[in-house]
Amino acid sequence: MMHEADSTTPQRVPLTRDRVLRAAVVIADESGIDSLTMRRLAEQLDVKPMSLYYHVANKDEILDGIVDIVFSEISLPSGGAEWKPALRDRAISVRHVLGVHPWATSLMQSRVNPGPSVLRHHDSVIGCLREGGFSVAMAAHAISAMDAYIYGFALQEKTLPFETPEEVAAIAEMILQQMPADEYPHLAELTVDHVLQPGYNYSDEFEFGLDLILDGLDTLLPDS
């Protein structure tokens with residue numbers, strides 16, 4: 001006599017390449033990219049390490065895959081969109097995504113096996129610039145300038161010794177107390193008149209610099 005399966009028995013979720021990569025992102029987000037190993041990934045998924053190799057060839061393939069996932073989270077310019085606001089939104093989206101996945105800052109431009117999301121991202125950005133009137137060479141210059149700024153700012157934010165405006169103020173106060181103002185008058189002035197003012201947030205500097213770059217690129221177009 002056949003018995004029906006016990007409905008209370010938990011069903012194991014099938015292992016797939018996407019599930020492996022998503023678990024890798026979770027590990028990197030929680031503990032940093034250096035903590036991502038095949039053994040740690042297997043533990044996260046509650047499988048044997050050898051099971052992973054049915055879905056990914058090695059750690060390099062995992063790194064390529066999780067970078068592609070990160071790129072897939074970035075908002076892209078839509079076809080026919082005005083280049084300047086579209087690329088401003090894209091830059092803000094990149095920075096937000098890098099804030100969620102800080103480990104990706106140093107990886108996203110270093111992989112040599114781009115996935116579909118990476119290729120779609122770059123093609124969309126180039127297309128937006130070309131439709132906006134940029135030559136091929138000027139589109140390349142524009143992307144280089146924007147990405148150097150975006151990724152550089154994200155890397156700087158990642159390494160700063162503070163995360164909130166309150167922490168900025170506390171560190172600035174401590175430095176100010178230890179610093180002879182008459183020896184460093186300009187630094188003291190900026191700290192008192194800018195950093196320690198109500199509402200100061202270092203993150204606001206990002207959009208100021210971004211707009212400088214976009215305004216500068218705008219002047220290079222033939223009809224500007």
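Apart from residues up to four places away in sequence, S124 touches L76 and P77, contact being defined as heavy atoms within 4.5 Å. The model is predicted, so that local features need pLDDT of at least 70 and side-chain atom pairs count only at pLDDT 80 or more, while totals for chains, interfaces and linings use all residues. Residues are numbered from 1 along each chain as its sequence is written, and side-chain values use heavy atoms, with hydrogens and water left out.

S124 belongs to helix α6 (residues 116-131); helices (H or I, at least four residues) are DSSP runs numbered from the N terminus. With a relative accessible area of 16%, S124 is buried (buried, under 20% relative accessible area; exposed, over 50%; partly exposed, in between; 1.4 Å probe, protein chains only).

Beyond its neighbours within four places in sequence, I66 is in contact with L21, A24, V25, I33, L36 and W103.

In α10, the buried residues are F206, G209, L210, I213, L214 and L217. Seen down the helix axis, they fall within an arc of 135° and therefore line one face of α10, the arc being that of the directions from the axis to the C-beta atoms. The cover over these buried residues includes α5 and α7. The face of α10 turned away from its buried side carries the exposed residues F208 and L212.

Key. Helices (H or I, at least four residues) and strands (E, at least two) are DSSP runs, numbered from the N terminus.
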